[in-house]
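User: I'd like to go through the helix packing and the aromatic rings in this one. Can you start with the terms?
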Amino acid sequence: MSGDRRVPGDVCRINALPDNVLLHILSYLNARQVVQTCVLSRQWRNLWRSVPRINATSDEFEHMSDNYDEDTVLFKKFVNRFLMLRNPFALDDFRLWYDMPWYSYDYSEDANLWICHALHCNARSIMVTIRVYSLDLDPMVFISGRILTRLHLSNVNLFPGFFCQLGTCCEALKYLYLCDCLMFDVEITSKTLKVLIIDVGCHYAFEEQCSILIPSLVFLEYCNFTQERLPLLKNMESLERTCLLLDTCTEDGIRQFLKGLSGVTDFDLDISYQGNMLNMGNRQWCPKFNNLTTLTLSQWCLHPDFYPLIVFLQNSPSLKNLSLKLRGVGHTHQRFIGELEERSFSCEHLGSVDIVCWGVQEHDPVLDNLVELLTDNGIEPDKIHISILL
């Protein structure tokens with residue numbers, strides 16, 4: 001149609017945008033896509049050299065040759081060339097998605113150089129996601145991380161001195177996310193971190209108990225699926241919010257870990273426990289949570305006979321919001337042993353109880369007994385909200 005044709009004198013509206021706006025748009029593209037924009041026009045020829053965010057992914061180099069090794073070599077050459085030709089402007093964000101072959105140290109060496117280069121360009125955020133095999137991360141790359149604020153690492157080997165180097169050189173670091181990482185430091189320490197997430201797959205290269213010493217920490221998420229021993233928490237006075245997901249643990253480990261969290265105001269505890277039964281024979285395993293106002297518990301809190309739930313409610317005098325996330329309520333396997341002489345509790349500040357159920361009949365006997373337990377202890381029925389999801 002004639003209305004779709006360009007006529008002489010027409011102006012390309014996107015070219016009329018200021019360069020800083022165009023660079024912001026380019027930041028959402030992968031690195032190879034960014035470079036390809038150089039063929040659009042003379043205005044775009046060198047624009048890619050100043051992009052403030054780099055998203056380098058090896059996905060776009062798959063099947064570019066006849067075998068995987070050559071694809072990886074092409075990706076390495078591309079990233080090296082990209083960083084070499086880029087203008088020496090400050091870099092907001094550097095992201096690396098990389099398939100790491102097991103047989104070559106050179107691949108870790110290249111990745112370390114890329115991270116180091118990004119930090120030399122004053123990158124404020126670094127995200128490294130390694131697939132297939134692990135990256136051997138050299139702690140010395142962070143010597144230039146003075147203004148780094150966010151660090152996201154997946155499938156990376158964190159050799160001795162990693163946390164010490166972060167603490168010494170990364171004076172602005174606030175956010176650290178670790179997933180599938182092998183850690184060699186016995187102590188996880190920092191003076192600046194506000195958020196620490198140790199996600200699924202992280203494990204230690206030693207048998208002794210690890211410790212976490214971060215006085216400035218505000219939010220902690222810890223998933224323990226591979227280690228039986230929970231870390232020892234030290235000096236966590238600033239901690240406000242915690243999300244804890246456990247699959248393997250010991251009675252002493254839970255008791256010690258919860259004691260280090262006793263000052264939090266928001267606590268999400270999920271135990272999908274598969275080990276031997278835990279004998280919580282008295283209430284000493286659960287400390288007094290005097291500041292706790294928001295509590296989220298999962299299926300584990302119901303059995304035996306609501307014992308863990310009652311203990312938490314007895315030890316949370318300031319609680320305002322309670323959330324229970326339950327699956328197949330009547331089919332919970334008992335993993336905890338414990339008895340209470342006193343089953344009553346007082347939650348005078350509790351304003352809302354949200355019970356979310358998956359795969360549960362509306363009048364499940366356990367669910368009915370749960371509601372009865374709550375109402376018998378002074379919680380008004382109109383404060384109890386039940387959602388049943390298929």
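Analyst: Buried means under 20% relative accessible area, exposed means over 50%, and partly exposed is in between, using a 1.4 Å probe and protein chains only. This is a predicted model, where local features need pLDDT of at least 70, side-chain atom pairs count only at pLDDT 80 or more, and totals for chains, interfaces and linings use all residues. Residues are numbered from 1 along each chain as its sequence is written, and side-chain values use heavy atoms, with hydrogens and water left out.

User: Which residues of helix α5 are buried?
Analyst: In α5, residues 162-169, they are Phe162, Phe163, Gln165, Leu166 and Cys169. They sit on the same side of α5 because they cover an arc of only 160° around the axis; the arc is that of the directions from the helix axis to the C-beta atoms. Helices (H or I, at least four residues) and strands (E, at least two) are DSSP runs, numbered from the N terminus.

User: And what does the face turned away carry?
Analyst: That face of α5 has the exposed residues Cys164 and Thr168.

User: What do the buried residues of α5 pack against?
Analyst: Strands: β4 (135-137), β5 (150-154), β6 (156-158), β7 (175-179), β8 (182-183) and β9 (187-189). Contact here means heavy atoms within 4.5 Å.

User: Changing topic. How many aromatic pairs are there?
Analyst: The count is 19 aromatic pairs. Rings of Phe, Tyr and Trp (its six-membered ring) pair if their centres lie within 6.5 Å; planes under 30 degrees apart count as stacked, over 60 as edge-to-face and the rest as tilted. One of the pairs is Phe75 with Trp114, edge-to-face at 5.9 Å centre to centre and 85° between the planes. This pair links distant parts of the chain, 39 residues apart, with Phe75 in helix α3 (residues 68-85) and Trp114 in helix α4 (residues 105-120).

User: Is Phe75 buried or exposed?
Analyst: Phe75 counts as buried because its relative accessibility is 0%. Trp114 is buried too, at 2%.

User: Which rings form one aromatic cluster?
Analyst: Trp48, Phe61, Phe75, Phe78, Phe82, Tyr98, Tyr107 and Trp114.

User: Where does Arg150 lie?
Analyst: Arg150 is over the face of Tyr175, 3.8 Å from the ring centre. The rule is NZ of Lys or CZ of Arg within 6 Å of the ring centre and within 35 degrees of the ring normal.
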